[in-house]
Amino acid sequence: MKIDWAALGSVFGVSLVATVALVGLFTLGVAGLAKQERAAAEGGSASLARTGAYACFALCVAAVAYGIYLIVA
């Protein structure tokens with residue numbers, strides 16, 4: 001049995017980058033929702049924070065859906 005180490009390293013690198021990017025994007029969404037709640041408690045408007053949070057969550061869903069599409073197709 002022969003292992004293609006270059007291909008294995010490539011898969012590892014891409015999966016690591018994708019994981020860090022998705023976790024970071026989700027964290028930005030949670031932080032945006034926290035800022036929105038804080039601004040609402042202080043009486044301010046936080047529509048930009050809410051919109052940014054929803055955009056981050058939508059990008060996370062799109063990335064997961066694309067990954068599932070690549071696996072199934």
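Begin by selecting cysteine 56, which is buried because its relative accessible area is 13% (buried means under 20% relative accessible area, exposed over 50%, and partly exposed in between, with a 1.4 Å probe and protein chains only). The model is a predicted one, in which local features need pLDDT of at least 70 and side-chain atom pairs count only at pLDDT 80 or more, while totals for chains, interfaces and linings use all residues. Residues are numbered from 1 along each chain as its sequence is written, and side-chain values use heavy atoms, with hydrogens and water left out.

**Cysteine 56 and its surroundings.** Cysteine 56 lies in helix 2 (helices are DSSP runs of H or I with at least four residues, and strands are runs of E with at least two, numbered from the N terminus). Display next Leu25, Leu28 and Gly29, which cysteine 56 touches when residues up to four places away in sequence are not counted; contact means heavy atoms within 4.5 Å.

Now select residues 5-41 as helix 1 and residues 47-72 as helix 2; their axes come within 8 Å and cross at roughly 155°. Axes are lines fitted to C-alpha atoms, for helices over the stretch in contact, and angles run from 0 to 180 degrees between N-to-C directions. Helix 1 and helix 2 are therefore roughly antiparallel (angles over 145 degrees count as roughly antiparallel, under 35 as roughly parallel, 65 to 115 as roughly perpendicular and the rest as oblique). On the helix 1 side, the contact includes Leu22, Leu25, Phe26 and Leu33, and on the helix 2 side it includes Ala53, Cys56, Phe57 and Cys60. The contact residues divide into 14 nonpolar, 3 polar and 2 charged; Ala, Val, Leu, Ile, Met, Phe, Trp, Tyr, Cys and Pro count as nonpolar, Asp, Glu, Lys and Arg as charged, and the others, Gly among them, as polar.

**The aromatic pair.** The structure holds 2 aromatic pairs. Select phenylalanine 26 and phenylalanine 57: their ring centres are 5.2 Å apart and their planes stand at 55°, so the pair is tilted. Rings of Phe, Tyr and Trp (its six-membered ring) pair if their centres lie within 6.5 Å, with planes under 30 degrees apart counted as stacked, over 60 as edge-to-face and the rest as tilted. This pair links distant parts of the chain, from phenylalanine 26 in helix 1 to phenylalanine 57 in helix 2, 31 residues apart. Phenylalanine 26 counts as partly exposed, at 46% relative accessibility.

**Further stops on helix 1.** Select leucine 33, in helix 1, which is partly exposed with a relative accessible area of 25%. Not counting residues up to four places away in sequence, leucine 33 touches Ala53, Tyr54 and Phe57. Methionine 1 is 32 residues from leucine 33 along the chain, and their C-alpha atoms are separated by 50 Å.

Move to glutamine 36, also placed in helix 1; at 16% relative accessibility, glutamine 36 counts as buried. Apart from neighbours within four places in sequence, glutamine 36 is in contact with Ala46, Ala49 and Arg50.

Finish at alanine 21 of helix 1, which is partly exposed at a relative accessible area of 46%. Alanine 21 and cysteine 60 are 9.2 Å apart, C-alpha to C-alpha, and 39 residues apart in sequence.
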